[in-house]
Structures are given as structure tokens and as C-alpha cells.
Amino acid sequence: MSSYSHGGPQHKTFMRDAISLAKRGLGTTHPNPSVGCVIVKNDVIVGRGFTQPGGRPHAEVVALSQAGDAARDSDVYVTLEPCAHTGKTPPCAEALIEAKVKRVYIAILDKDERVRGKGVDLLEAAGIEVLVGVCEDEARKVNKGFLLRFEEARPLYTSKIASSLDGRIALASGESKWITGPKARTFGHMLRAKHDAILVGVNTVLKDNPSLTCRLPGLENRSPIRVVLDRNLRTPIEAKTVSTAKIVPTYIVTEQVEGDKLDALLEVGVNILSVANIRDIEQISKELVKLGLTRVLIEGGGVVHASFLNVGIVDRIEHFIAGKAIGGDGLPAIGKMDVSTLKGAPRYQSAAIRQLGPDILASWDKEE
């Protein structure tokens, strides 16, 4: 039987190295998790790997390839239970067995029913010692989106808000460029690169005609899938998200199931997700999970942010705050919500504060 252990200082150090590696793949591996793996021989790291773009090769395979013969009798630190099923690649558990590793430390077990303990069983049946639970909480944060697919049938949601210090995203006239400065906007593009999809409402498309791509030098290929909530298919054919749909995938979530506009959007490469009720966030989440999405960045506007906050499924808020006051007639960052008492308001705890030029980024995690 495998033992459950939080691990000593040395084991935590190696596992945290693996967790750091796992973070590199965020936004590029869906529907697979982003996993990190470190192989240690005589207290020296001989192999490192993380899940590659598209979800393969897996972290263990990359690390084993780097370690070569040194993997024999080594200790392996992996952030998620090695897979035990044959998909587009052979099982990683079998690869570890063939490499004749001595011991495997696992941060968290896989929730996928195709794995779920089977990876551990394969390793133990081969005489490999397995220890589970090293840096479990830290590893779970990295792959929370992947785990939520199986636990709640939804992806992880991050709300990205850029506002004035009084919580406004635009003047009453609609002018919004630019509330925050260049450094804040650059960090915003980094957030895009680390998510599988960006989600906005159709009003954002109509007002700003955004590209919703990652435009950081060298990371242009990490532009996430674009999702637009559009009940009546008001998205213009000439919108940037439509005209570039064959380059960066665009999905429109709508209640419309037929019509000339729908046919025209399909013709230019837009994907359509039909739902019975555009306000049914649970159903929308299930549709996004079917696409294999694990991490979704909500970029607004205020009505969309409020809709997801109302149902309690925004896991993190990234709030860029500019030192500007716009006033009560400006457009609010978060629209009307069903909050009747302070006790009933969604609650978040501070995770980090960063200075970005003249602006501040306040990161908030949902209270568990």
C-alpha cells in the first residue's frame, strides 16, 4: 500500500521544483493537466519535465528522457498521479516501471476515473514504493482547473478587472482606453497566456471590438480560445473575434439554433454552442468542460462578472487598480448582484499585491 506523507524538507524542496515546472505549462495543455516531474539520484536532479503544449508528451516522459540511465533506482517527484491508461501516449506509470525507478512521490491523486488510484496500483505492483501527499495543497492550486472538471463539472474561473480606484471601468460616455498603464496591460496579456480561454459578453465585443489575443512578443502562439456570451447573435461578422476565428478559435454561446446569422458565422469559422438559457451559468460551464477547458479568464464586462460571482464560482479575482477617480456616473466593474446582506456577499482573501508601474494588482482567492 502507498503511504500518505507531507514529506520532509528535502522532499518538499524537490516537489516544489516539480510544481514550478508544472506552472510553465498552464494555458497550453488542456484538456490534460499541466504536470511537473523531477527525477533525483543521490540527491542530485538528473531529469526535469513538464507537460508539453497540446498535452503531450507528459511530464514523466520528458524527465525520463533527460535522465536516461540515471533514472534507475532514482526518486521521482511528480505533481499528479502518473497516468495508467493508454490514450495518445502509453501510460506514464509503465514508463516509470520500465525505467526501474526506486520510489515515486506524488503530490495529489488524479480525479480522472481512467486513472484514480490505478497509477499507484501499477507502480506498487511492480515493487516501487509510492508516497502521496507531498505539497498537496500547493499542487492542487496549480491544477485546480483540471480537478474542478471532475469535482464540479466546470473549469476554474478567474475574473480579470481593470478599474479606477473607485471601481469604474469606463467613463459614462464609454471611454475606457486606457485606465491602467502599459505594465498592467502587459501582465494582463500574461494572464491570457496562462488560461485556456477568455470569456466576454457580446456588449464588450460591440463596444470595444477587442482581439482577445495574447500579444506579448514570443507568446503570440499562446492566445487562448475566445468565448462570447451572445443570446441573440448580435456579434458582427466584421468583429475581430469573428474575422480571425480560423486563426484563433472563437466560440459563441447563444440561445439561437438556426437562422441566416448563425449560418454566416459558421461559414467564417466561428463555433456555436447552443444553450437553452444564456443565464444558466451551470449549463455554460458544462459546455466549456466538454470542450476540455480547465482555466477560463473572464474579462467582462460588469454584467458578466456579476453573473459568475452571483453563483459563487469565481475562484480568483485579478484586480488591476489605477490611481484615477472616475466617479459614480462611470460604468461599474461589477454589475448588479443578488446580495441582500454583507454576510451573503461573496468573500475573497488577499493572495498577493503587486506594484505595476503606477498601478496595483490585487489578487484575491475565493474563501474555501
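The buried residues of α1 pack against β2 (36-41), β3 (44-50), β4 (75-80), β5 (103-108) and α5 (136-142). Buried means under 20% relative accessible area, exposed over 50%, and partly exposed in between (1.4 Å probe, protein chains only). Contact means heavy atoms within 4.5 Å. Helices (H or I, at least four residues) and strands (E, at least two) are DSSP runs, numbered from the N terminus. The model is predicted: local features need pLDDT of at least 70, side-chain atom pairs count only at pLDDT 80 or more, and totals for chains, interfaces and linings use all residues. Residues are numbered from 1 along each chain as its sequence is written, and side-chain values use heavy atoms, with hydrogens and water left out.

The buried residues of α1 are F14, M15, A18, I19, L21 and A22. They cover an arc of only 160° around the axis, so they lie on the same side of α1. The arc is that of the directions from the helix axis to the C-beta atoms. P9 and R24, on the other side of α1, are exposed.

Aromatic pairs number 5. Rings of Phe, Tyr and Trp (its six-membered ring) pair if their centres lie within 6.5 Å. Such pairs link F14, Y77 and Y105 into a cluster.

The count of disulfides is 0. C92 is in no disulfide; the nearest cysteine sulfur, that of C83, is 3.7 Å away. A disulfide is a pair of cysteine sulfur atoms within 2.5 Å. C92 is buried, with a relative accessible area of 1%. C214 is also buried, at 2% relative accessibility.

Methods:
Rings of Phe, Tyr and Trp (its six-membered ring) pair if their centres lie within 6.5 Å; planes under 30 degrees apart count as stacked, over 60 as edge-to-face and the rest as tilted.
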